[in-house]
Amino acid sequence: MSLTTSVTLLEKIIDGDEISWDNFHRMYAPLIRNCGEHWHLTADECDELIQEVMITFFKDAKSFKYDRNSGSFRAHLRSVARDCVFAVLEKRKDGGVPLMENPALLDYAFDEKWDAEWYDHICAEALDVLANEMEKTSYRSFYMYVIENRPPAEVAAELGISLNAVYVNKFRALEHLRRTIRNLNKL
């Protein structure tokens, strides 16, 4: 399964399709958890955060109309997550965190971290797509050379391919990754 958030997936969620909802949850729960961890939420608070974001998103989904001209899915999900993170922080038993001293600065800090987490999430999705679409040995040579930072001659010898094949696989894989990341970032 491709790990992209398509308009079709969003439409199926709005229609109440449980499989689509499970796919959505599986794709975005780790992103939301990472965001909560950045704001020093406990494991229980991160679980609560994921639940609150999903519930809020589901409630909003009934009236949510995806329109590239009025903003992206990413911006909408970020807004929901930001509100939920701040709500969890404010209701802590220790009296919460006084968040309203400079709301614009908090929004900026949240957005910066969310964008970084989103990019990491997109890159991981793009690597998954690449692994599923590229021939196994070609992908393995790319992964060993680029991700594991192993010398190309070592990769070629271990996989029984030419040194040139290692370079060609890297080029093709990077082109594929760029296209995939570009498409995922359009959401």
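C35 counts as buried, at 1% relative accessibility, where buried means under 20% relative accessible area, exposed over 50% and partly exposed in between (1.4 Å probe, protein chains only). The structure is a predicted model, in which local features need pLDDT of at least 70 and side-chain atom pairs count only at pLDDT 80 or more, while totals for chains, interfaces and linings use all residues. Residues are numbered from 1 along each chain as its sequence is written, and side-chain values use heavy atoms, with hydrogens and water left out.

C35 is found in helix α2. Between C35 and R78 lie 43 residues in sequence and 9.9 Å in space, taken from C-alpha to C-alpha. The protein chain as a whole has eight helices and zero strands; both are DSSP runs numbered from the N terminus, helices (H or I) having at least four residues and strands (E) at least two. Read along the sequence, the pattern is α-α-α-α-α-α-α-α. Of the 187 residues in the protein chain, 39% are buried.

Charged pairs form the next topic. Side chains of opposite charge can pair when their charged atoms come close. The structure holds 10 salt bridges, a salt bridge being a side-chain nitrogen of Lys or Arg within 4 Å of a carboxyl oxygen of Asp or Glu. One of them joins D111 and R82, with the closest N and O atoms 2.5 Å apart. This pair links distant parts of the chain, since D111 belongs to helix α5 (residues 103-133) and R82 to helix α4 (residues 73-90), 29 residues apart. R82 is buried, its relative accessible area being 13%.

Another salt bridge connects the side chains of E117 and K113 (3.1 Å, N to O). These two residues are separated by about one helical turn, because they stand four residues apart in helix α5. E117 counts as buried at 10% relative accessibility, whereas K113 is partly exposed, with a relative accessible area of 23%.

A further salt bridge is formed by R140 and E148, whose closest N and O atoms are 3.7 Å apart. Salt bridges that share partners join R140, E148, R150, E154 and E158 into one network. Within this group, R140 counts as partly exposed at 32% relative accessibility, and E148 likewise counts as partly exposed, at 34%.

Helix α6 (residues 136-147) contains S138. S138 is buried, with a relative accessible area of 16%. The side chain of S138 makes a polar contact with the side chain of N169 (3.3 Å). A polar contact is a pair of N or O atoms within 3.5 Å; within protein, one atom must be able to donate a hydrogen and the other to accept it, and residues adjacent in sequence count only if both atoms are side-chain atoms.

On the surface, E11, D15, D17, E18 and D22 gather in a patch of negative charge. Patches are made of residues with over 30% relative accessible area and no salt bridge, like charges being joined within 9 Å and nonpolar side chains (Val, Leu, Ile, Met, Phe, Trp, Tyr) within 5 Å.

Key: Areas by Shrake-Rupley, 256 points an atom, 1.4 Å probe, with all protein chains shown as cover. Lys, Arg positive; Asp, Glu negative; His and termini not counted. Charge placed at Lys NZ, Arg CZ, Asp CG, Glu CD.
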